[in-house]
Amino acid sequence: MPEAEQASPDGAADATPPAGVLDELGRLGHGVKDLFGAQLELLSAEVGLARSALSWMLLAGLAATVAGVGLGLTLLALVGVLLAKWFASWVWALVVLAVLQLLFVLGAILFFRRCMHWMSLPATRNEWSAMMRETKARARRRAEGEDAA
């Protein structure tokens, strides 16, 4: 580095930079280390918090699922009892309950299929294909214009 070399009194080039520059570079290095060290500590703390949150979130999801299934079974039993009182027959109540459950399952399946269709991004695919057709047509017109010229 030409600017780092200093001419000594006897005319020879001195290869070491002045002590002030080394001191400032050392302080700059310590400052950068302190700055990024704090950021690294913050990142480490946040990753630990995210890991803990993920575990608690999975546990909460499991608890919500168990509670939801219990509530669903209780409501289903309640509907069955009400239907049995209304029809005055457990057989008819269970048949109607089975039909209601079948309709609910079919509705859930149709909704799931619709969501899968939305996940395929139909509008984006249509826009992309229109853009590609337009680009292809523009290139074809440009090529035909060059051939005619």
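Buried means under 20% relative accessible area, exposed means over 50%, and partly exposed is in between (1.4 Å probe, protein chains only). Keep that handy for the exercises below.

This is a predicted model, where local features need pLDDT of at least 70, side-chain atom pairs count only at pLDDT 80 or more, and totals for chains, interfaces and linings use all residues. Residues are numbered from 1 along each chain as its sequence is written, and side-chain values use heavy atoms, with hydrogens and water left out.

**Exercise 1. Work out the overall layout of the protein chain.**

Step 1: Start with the elements, which are DSSP runs numbered from the N terminus: helices are H or I with at least four residues, strands are E with at least two. The protein chain has three helices and two strands.

Step 2: Check burial. Of the 149 residues in the protein chain, 4% are buried.

**Exercise 2. Describe helix H2 and what flanks it.**

Step 1: H2 takes in residues 90–119, which is 30 residues. From first C-alpha to last, H2 reaches 43 Å, close to the expected 44 Å; the expected span is 1.5 Å times one less than the number of residues.

Step 2: Look at the start of H2. There, a side-chain oxygen of Ser89 comes within 3.4 Å of the backbone nitrogen of Val91.

Step 3: Now the loops. Ala88 sits in the loop between helix H1 (19–87) and H2, and its phi is near 60 degrees, positive in a residue other than glycine. Leu121 lies in the loop between H2 and helix H3 (122–148), and its phi is near 55 degrees, again a positive value in a non-glycine residue. Most residues other than glycine have a negative phi.

Step 4: Ala88 is exposed because its relative accessible area is 70%, while Leu121 counts as partly exposed because its value is 48%.

**Exercise 3. Classify the crossing of H1 and H2.**

Step 1: Get the geometry from axes, lines fitted to C-alpha atoms (for helices, over the stretch in contact), with angles from 0 to 180 degrees between N-to-C directions. The axes of H1 and H2 come within 8 Å and cross at roughly 135 degrees.

Step 2: That angle makes H1 oblique to H2. The cut-offs: under 35 degrees is roughly parallel, over 145 roughly antiparallel, 65 to 115 roughly perpendicular, and the rest oblique.

Notes
Polar contact = N/O pair within 3.5 Å; in protein donor to acceptor, adjacent residues only side chain to side chain.
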